[in-house]
Amino acid sequence: MFLYILKRLALTVPTFIALMFLTFIAIRLVPGDPVEVRVGERGISPERLAQFRAELGLDQPVWKQFIDYAWNLVRGDFGTSIVTNEKVLTEFFTLFPATVELAFAAMLFAVCIGVPAGTIAAVKRGSWYDQTLMGLSVTGFSMPIFWWGLLLIMLVAERWGLTPVSGRVDLIKYFYDAKTGFMLIDSLLSGQKGAFWDAVHHLILPMIVLGTVPLATIARMTRSSMLEVLSEDYVRTARAKGLSPFRVIGLHALRNALIPVVTVIGLSVGSMMAGAVLTETIFSWPGVGKWLIESIGRRDYPALQGGVMLISAIIILVNLAVDVLYGVINPRIRHDG
Amino acid sequence: MTAETASTASAVPAAPSPLRQLWASFSENKGAVGGLAVLSLIALVALFAELVAPHSPLEQFREAVKAPPVWEDGGTWKFVLGTDGLGRDMLSRLIYGARVSLFIGLTVMCVSFVLGVVLGLTAAFSSTLVDTLITRTMDLLMAVPGLVLAILIVAVLGPSLTNTIVAVTVVFLPRYVRLVRASAMAELSKDYVTAARVIGVSKLRLMFITVLPNCLAPLIVQSALGVSEAILEAAALGFLGLGAQPPVPEWGAMLADAREFIRSNPWIVTLPGLAILVTVVSINLMGDGLRDALDPKMQRS
């Protein structure tokens, strides 16, 4: 098993190298001289310019620049933001918990509603409920989530005043240290009355928005895999034994029906990140997605470069973990890859 | 003699053409037919935008800024769906926006289809080295989440309609390449390919005429669904300000402009998103129907 994991890890190395190459090339292609961007409009003496170039390593041949870039990445140096002068890595991991918190909540929302909804649809196949759910699922799957977010803000937050419009917590009422970066945990740790519920309130709308597409996918997936499982012999046996329908479906069928659903959850990490970019932008949620978009607006290319690199690296590793875990859950496919 | 031929002909009905068969199973799916109908309507409106749209999408009616739609208080038939923050007619902008979105969706589909077929078949038919090179490149593009990759590309090339198309194509290309490669690989081991090889068919003919038609079914489904995804992706870029630039009436960019009117003029926010949703839902319904009709193995569950 250990060897298997090691082998899979080794297989990601070429991908990482190619990823470095991609981000390296991309930033070279940006029109405009990075040095000129840095010094601004005023202009500086040629000597100072040459010094800047040397500092950034731009006087080296391109292959040397790439090797340096890759070596820095390997050592964990993802560059320094032009705008804030902070290490990109530090900035990224300060904001990352917010994104993880949002994505985790969204996935929880999607699973908690999607799995029961899909199961009921499968059991009551062809019913009014089934058809409505599948219709809703196509709609959810096709949802432009940036619009969905605005719509929810308009109705739930503005018109009915049920939730806040943006942010993670009411900073005027509550103030405490970000010990873990996860607002729900920090607000509990702070011991301030109401802080936790305020954080939950802030989380509801972004969670629904980011969870909508996975919810639709999971409901659909659960339904079809449940339908398949329900026609299996062992389900018939369980029924024939006289087990209650609840036990047959909830215990025997659902466990096996969930295997493909787990894969879908694992594979949607990437699309969750993409969705997080939009959701965070709409709700001013201070995570890495919003930061990435803002760094484009500020022409902060090291931040963009490092951000893309880090997000992709995390996704590659998570996908790998999902693959390995999947082998643990379902021994039939182990050691195939 | 003629009577005899006629009687045999009527006794053994000719096999229905593949297209007719396809339509027969496609039309069983009500959702798919509905999707096709709505999509055709949108396509027609987009095609004849000049005739259908009541105003120019760019003309600013200074006297009627943020006019409400006709069913609200103060709405007029002059601006059926109201006007936006600059006094431009919403209905006309939505109609021209359909043209922009469908254009993006179809261009992305065509380019990825052609490139996907060429690269996928090349990978399947080439030496291990070329194959590895192509597959690895596609794996890499798939490792970066779609929208993030598109954002990176647009950030590098600069935001515009053309670059949106380039970015979204790059994002979706790997799926086509993988699909073509995988189906071609599956076909390669079959007897008819061996037979064609034995009689000395040239490689190009083998690739495009012998094997390709047998890989088309999943590819067509992927293309249909790919159009809707491309439209969504392009709208998302537009919304982030990285897609089509103002004053192009692109639905995503219209939504971004409308954000400031969330409180005061909800319809300016509601309409463009509704247009995106309806278009994407109808394409997806149609794609689902196409999948069921084309591939009995992937049955609707």
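Predicted model: local features only at pLDDT ≥ 70, side-chain atom pairs only at ≥ 80, totals over all residues.
Helix H2 (residues 34–39) of chain A has the lowest mean pLDDT among the chain's elements, at 63, while helix H5 (residues 88–123) has the highest, at 92. pLDDT is the predictor's confidence in each residue, from 0 to 100. Helices are DSSP runs of H or I with at least four residues, numbered from the N terminus. Chain A averages a pLDDT of 83, and 92% of its residues score at least 70.

Now turn to the partner chain. 39 residues of chain A are in contact with 34 residues of chain B; contact requires C-beta atoms, placed from the backbone, within 7 Å. Several helices of chain A each supply at least two residues to this side, including H1 (2–29), H9 (195–230) and H14 (301–329). By class, the side of chain A that touches chain B has 30 nonpolar, eight polar and one charged residues. Nonpolar means Ala, Val, Leu, Ile, Met, Phe, Trp, Tyr, Cys and Pro; charged means Asp, Glu, Lys and Arg; the others, Gly among them, are polar.

Next, the backbone. Most residues other than glycine have a negative phi, and most peptide bonds are trans. A:Asn85 has a positive phi, near 60 degrees. A:Asn85 sits in the loop between helix H4 (62–74) and H5 of chain A. A:Ser284 also has a positive phi, near 45 degrees, and lies in the loop between H12 and H13 of chain A. In chain B, the peptide bond from B:Pro246 to B:Pro247 is cis, with omega near 5 degrees.

Residues are numbered from 1 along each chain as its sequence is written. Chains are lettered from A in the order in which they are written.

Notes. Contact = placed C-beta atoms within 7 Å.
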